[in-house]
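User: Before we go through some of the labels used for this model, please show me the sequence and the structure.

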Amino acid sequence: MTSSIRDKQIAALKQMLNLNSPEYKDNGSEPVWKVLIYDRRGQDILSPLIPIKELRECGVTLHLSIHSERDPIPDVAAIYFCMPDQDNLDRIAQDFQNNVYEKYYLNFISAICRQKLEDLASSALQTENVSHVHKIYDQYLNFISLEDELFILSNQNAQSVSYYALNRADAKDTDVEVMMDDTVDGLYSVFVTLGTLPIIRSARGNAAEMVAEKLDKKLRENLRDTRNSLFSSENSGIYNFQRPLLVVLDRNIDMATPLHHTWTYQALVHDVLKLNLNRVTVAQEQKKPKTFDLDPKDSFWITHKGSPFPTVAESIQSELEHLKNSEEEVKQLKESMGLDGESDVALAMMSDNTAKLTSAVNSLPQLLEKKRLIDMHTDLATSILSVIKSRRLDLLFEFEEKVMSQASLDKQILDIINDTEAGTPEDKMRLFIIYYIYTHSISDSDIDMYSSALEKQGCDLSPLKYIKRWKMFSNITTTTTNQYGGGTKSVNMFEKLLSHTSSFVMEGVKNLVVKRHTFPVTRIVDELLENKQSSSTSDEFRYFDPKQLRNSDGFKSKNNFSEVIVFIVGGGNYIEYQNLLEYVRNKAVSPGLPQLKIVYGSTVVNNAPEFLEQLSLLGQELQ
């Protein structure tokens with residue numbers, strides 16, 4: 001099985017922390033002690049991948065921001081991990097000047113240009129530090145791996161590549177060009193890390209096409225430079241015959257999904273709690289907020305992150321009962337050890353119980369870790385449940401699913417807008433925008449009536465102004481409405497949860513089990529994979545192959561792809577990510593072919609409140 005993008009990025013980082021030597025295996029020798037210096041981008045990349053404990057194991061005794069006040073530490077090697085921008089290079093030159101460290105290992109997240117490298121060499125020469133600069137590397141790690149199948153390009157500077165930044169009225173061509181170059185640089189790093197050349201498909205006439213063209217050009221230029229090619233056969237021979245498909249899409253192809261009230265665990269955590277770089281913050285009344293790290297090694301999280309929330313609540317309950325039984329077993333064993341040990345029977349029982357107790361003691365660390373994780377999920381689920389109840393998210397989700405799947409509605413949208421208990425003003429706005437996108441024709445008088453009702457509930461109408469304009473200029477409605485499929489059904493699987501002994505009192509919350517459905521992004525991927533696009537869809541999607549001498553949009557790939565990378569320009573979300581994973585799980589595998597693997601990437605990952613805020617800013621510009 002090939003390594004995931006996350007595994008490959010971790011391996012590259014650990015090699016860097018080992019002073020760019022192949023990663024050492026622990027043979028009892030002490031690692032070389034060193035200091036790690038990073039900028040904000042470096043911190044974002046390292047944070048979800050290498051915990052502090054593992055930094056220590058790699059010999060990193062101190063890790064500091066490049067722009068913090070740092071005291072000189074003689075006789076120590078310093079690893080720099082930062083972008084090659086002017087601020088960082090000036091600071092490195094200042095460190096040379098002050099003789100802060102004994103040895104410098106400079107690792108740039110993206111490639112440093114020739115001019116900047118010469119300036120850096122001049123600084124080292126002037127401060128007599130040339131012999132102290134041991135290595136300079138271009139690492140090509142300008143992306144953030146959140147999971148094995150998920151990556152983003154920006155976090156702390158997310159606003160610079162957001163949907164708003166790309167679509168704002170006063171965006172200059174030069175600003176858009178810089179954004180596109182940053183995006184291409186990140187995608188280029190992804191493929192250098194994977195060691196493979198993609199075949200690229202992109203929608204026409206938008207930012208996605210611009211990204212695809214620039215990436216194709218950058219890959220071609222590197223292939224032509226045979227001496228310095230990052231995709232030479234020794235680097236990527238394993239992939240020569242099995243190349244991935246990269247599908248580049250623009251956020252504008254689907255504006256409803258990012259606003260959707262979701263019902264799956266991971267997407268709910270992102271929507272209603274603060275989830276950033278796999279760390280979630282839970283607010284507590286009159287107490288300090290709690291933070292939890294969602295570990296990709298946590299088996300409960302891996303199993304249930306894409307499950308509907310009621311299933312998660314039930315699984316937590318059964319896990320808690322299982323833990324309770326394990327604790328009871330240990331307790332009973334301890335008590336039985338207090339037997340009168342004079343009779344042969346008692347001695348026989350005692351030796352049997354000793355073996356059991358030894359086994360129980362040995363499994364205690366795993367048991368304690370399992371308890372910690374289940375307690376964390378209990379806290380998260382309890383917080384989510386209180387939000388579901390207070391905002392009636394089950395009602396909103398069910399209504400939106402019916403709208404998106406074109407099912408008959410058992411309630412009028414006006415009733416939900418006017419229901420003071422059904423969601424916050426932002427929730428109502430999200431609901432109405434989805435209704436507006438998926439409804440073929442709404443008269444101006446109806447729009448005025450709905451707008452008036454929304455305003456009475458305290459809604460900001462700015463996002464709707466922008467969506468009206470977006471709908472006018474796009475033909476999205478026809479492609480999205482018929483293809484969604486799905487909906488919800490209510491089933492009764494909650495007897496355990498509704499009992500009074502349960503940790504979760506789910507009364508008043510609908511037990512909605514999501515039916516299988518396909519969001520627009522997943523549908524497009526399926527059509528491109530199966531080569532079943534209509535001629536109009538074929539015309540809409542361009543084809544790039546960096547290995548071909550000339551691009552031919554008319555060329556139809558006969559490849560059976562085993563890996564697809566879907567990239568959204570303008571921001572992705574966990575709803576689409578989970579939908580793509582579900583699509584892979586349910587896809588039939590042809591005999592003799594490997595299981596399809598899908599990786600989802602985006603410039604940033606937004607939750608619905610953040611995306612709504614961006615639409616609001618765009619709407620205000622139209623006033």
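User: Which residue is the bridge partner of L275 in β11?

Analyst: In this predicted model, the bridge partner of L275 in β11 is V280.

User: What makes β10 and β11 a pair?

Analyst: Two strands (E runs in DSSP of at least two residues, numbered from the N terminus) pair if DSSP finds at least two bridges between them; β10 and β11 (residues 279-284) have 3 bridges, in the antiparallel sense.

User: Why are β10 and β12 said to stand at the edges?

Analyst: The open sheet of 3 strands has the order β10-β11-β12, with antiparallel pairing. β10 (274-276) and β12 (287-293) each have a single partner strand, so one side of each is left without a neighbour in the sheet.

User: Why does T311 count as partly exposed?

Analyst: Buried means under 20% relative accessible area and exposed over 50%, with partly exposed in between (1.4 Å probe, protein chains only); T311 counts as partly exposed because its relative accessibility is 23%. T311 lies in helix α12 (residues 309-336), a helix being a DSSP run of H or I with at least four residues.

User: What makes helix α22 mostly covered?

Analyst: In α22 (residues 520-530), 10 of the 11 residues are buried, among them P520, V521 and L529. After α22 comes N531, whose phi is positive, near 55°.

User: Which conventions apply to numbering and confidence?

Analyst: Residues are numbered from 1 along each chain as its sequence is written, and side-chain values use heavy atoms, with hydrogens and water left out. Because the model is predicted, local features need pLDDT of at least 70 and side-chain atom pairs count only at pLDDT 80 or more, whereas totals for chains, interfaces and linings use all residues.
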